[in-house]
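Let's take a walk through this model together, one piece at a time. Have a look at it first, and then we'll start with a sheet.

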Amino acid sequence: MIRLRKKRLLGAGLLAAVAGFALLGPLHGIDPLRQDLSAALQPPGAAHPLGTDHLGRDLLARLAAGARLSFGFALLAALVSAGTGTLLGLLAALRGGWAERLLLGLADAVQALPALLLVVLVTAFAPGEFLPLYLGVALALWVDFFRIARNTAASVLARPQVEAARLLGFGPGHLLRRHLWPEVAPLVATLFAFAAGTAVTTVAALAFIGVGARPPVPEWGSMMTELLPYYAEAPLALLLPALLIFLTVLGLHLLAGRERG
Amino acid sequence: MALIVDNLAIHGSEGVLLRPASFTLQPGRPLVLLGETGSGKSLLAQAVMGVLPPGLTATGRIVLDGQNLLAMAPRARRALWGRRIAMLPQEPWAALDPSMRAAAQVEEVDRLVHRRSAAEARQRSAARLDRLGLAGAGRRYPFQLSGGMNQRVALAATEAAGAGLLIADEPTKGLDAALRDTAGALLRAEAEAGRMLLVITHDVALARLLGGDALVMLAGAVIEAGPLPGLLAAPRHDYTRRLIAAEPARWPRWTPRPAGRPIVEAAGLRKRLGGQELFGGLDLGIAEGQVTAIAGRSGGGKTSLGNLLLGLLRPDAGSVRRAGWVAPFGLQKLYQDPLAGFAPQQRLGHGLQELQRRHGLDAAAAQRLLPRLKLAPALLARRPAEVSGGELQRFGLLRALLLAPALLFADEATSRLDPLTQQEIMALLGESVAERNMALLVVTHETALAEAVAGQVIRLGGGERAMA
């Protein structure tokens, strides 16, 4: 248990460090989009603490801006999918009947498609825009929340505690508050951290293959695409966005670990 | 060969849990520790076995065949398990490996404990199962056997280890009367075969079956000791007297009340479960003021019938009609496991407030009922798991009574409670029937209880079926 708490502390620490980086980055006052071709691919130095990319843009400023984008994006997409999925899952378990069958069928259909393909399909409607990207990722992620919420709720609803509450005249609101939520909430919270991690990697992976965020928008995935050809000259420049993705997802996953029982 | 317990006391951080107790256990003569939850009888057995919970210490002497167990290192004591001291598990069907055939579970004791060859182990365990009347059951899995059969498999495995001292902790917990008699006879046979037998129970009937000597325990002390059945025939201590009087067979019969308006009428009820018919063509009516009992063996569909009458379950055939005058929440239920009726995270008082709000009830009604049901107001601040089973069951009764039910269904509501608590709860239910003219439906595996309280007894089920 103590080890688990340590892990979670470490996770929270990592996330705080990434968040701090995102917030403190702009303080050094360089526009992440400002080019200076005479200072391309410079190693870390006084003017550019983390060096520059192939167009002479400041890497610290770009990584920090990317952190805000990736982090904010991941939280938003996870929030939307968690909200939708949990709500629909609880609804399906409580209502049963055709509503449950319909939602289950929908969940199966969504899961039958590779998540990346789904996001690419949605993004194709408006290339380069962020809203379809949010929607696409949320559309791929809600299914997990739906299944967890629906299955947990269904098993709780079969318990004698629920029968007793119904016999005493309590309605769905009471069941939700007193019986379903205490069981579902911790699972959803755990899943939320994992989903946020998935959102970060998904967006980065999409940007890397040229879907979603596009240059010159400072996004970790698209930065990696841009810097890939200069791997030999400036390996650090390519490594940094990859490292940030790694640390963010690791932090989220460590945070998701929780005590059992 | 003997077990001598000399001034054994058990201390915890909060003081003495077991005051010095002494007794001698000889082969062939069972010793029964009789008492309720919290009386210290299980602690005593744990001290003999060497499995006291951490933080507790035992003083005095426990001498087995000339060896003082308390002076031995934990490792050396563990080496005695199975070979010299064996414990028959509570609820054996939970202790057996569900994925292993019955015979294999007995054989492995011979192979692993006594290092016998597979062929020899097979032969010995077959003979053992044969003797316990399980000749055909060796190839079956625990879930294909009845509760009583599983208990015999566990006994065969325990026996195979060949320990001279056998400890049985509540061996009849959850068994109906017929199975209890079988279990008692099996244990007595173990003693007669020359083993030392120590049985822990709150079941007076089992003590009577076993014979030998008994120690009656109360609040961490031995209050009475003597040979059976003499001790039960002429108890000296007031507590022993009450414990014996708490046996349902000795309860005074409830006086039947005149039947009032009908509440539920069932006609031609049929219910199947797992491909087997529980009952069919059953007609049954319950009216105000009536006490009805559904009795019968485990797994016979008693609870299902009660749930059908409450409308919690649909019949496969037939109909259940609820009278028009009965309020929407006029049928209430008490559960076998009191915890099953409560939201686990919610404080009892808070749950009560929600119930009052939901039905627009006067808070004074609950305040009046609390002392009536012997519930301290301080309990309202606790969560369900933080009060005793008896208290929680009374709280469930309070909640049900607030809704002025026409019919209360007590589904084995006292079968997990100590005898005195059971008697108390049933008495409260009887008073509620008399005061409110409500109907009571009791589901029980104890025929004596059914006959003592009910004007109308329905018996379900015939032969023995898998799983108790």
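In what order do the five strands of the open sheet in chain B run? The order is S15-S16-S17-S13-S18, and the pairing is parallel. Before going further, keep in mind that this is a predicted model, where local features need pLDDT of at least 70, side-chain atom pairs count only at pLDDT 80 or more, and totals for chains, interfaces and linings use all residues. Residues are numbered from 1 along each chain as its sequence is written, while chains are lettered from A and ligands numbered from 1 in the order in which they are written.

Back to the sheet. Helices (H or I, at least four residues) and strands (E, at least two) are DSSP runs, numbered from the N terminus, and two strands pair if DSSP finds at least two bridges between them. At the edges stand S15 and S18 (456–460) of chain B, each with a single partner strand, so one side of each is left without a neighbour in the sheet. From one strand to the next, the twist averages 15°. Look inside the sheet and you'll find S16 (residues 407–411) of chain B joined to S17 (residues 439–444) of chain B by five bridges. There, B:Leu407 sits opposite B:Ala439 of S17(B).

Now over to chain A, which has nine helices and zero strands. Its C-alpha trace spans about 80 × 45 × 25 Å along the principal axes. Of its 261 residues, 43% count as buried, that is, with 20 or more other C-beta atoms within 10 Å of their own, the C-beta atoms being placed from the backbone.

Axes here are lines fitted to C-alpha atoms, for helices over the stretch in contact, and angles run from 0 to 180 degrees between N-to-C directions. The contact is made by A:Ala115, A:Leu116 and A:Val119 of H4(A) together with A:Thr202, A:Ala205 and A:Leu206 of H7(A). Residues are in contact if their C-beta atoms, placed from the backbone, lie within 7 Å.

Finally, where do the chains meet? Chain B brings 17 residues to the contact and chain A brings 12 residues. On the side of chain B that touches chain A, S15 (331–334) and H12 (348–359) each give two or more residues. H12(B) gives the most, with four residues.

Definitions and conventions: Contact = placed C-beta atoms within 7 Å. Buried ≥ 20, exposed ≤ 12 C-beta atoms within 10 Å, placed from the backbone.
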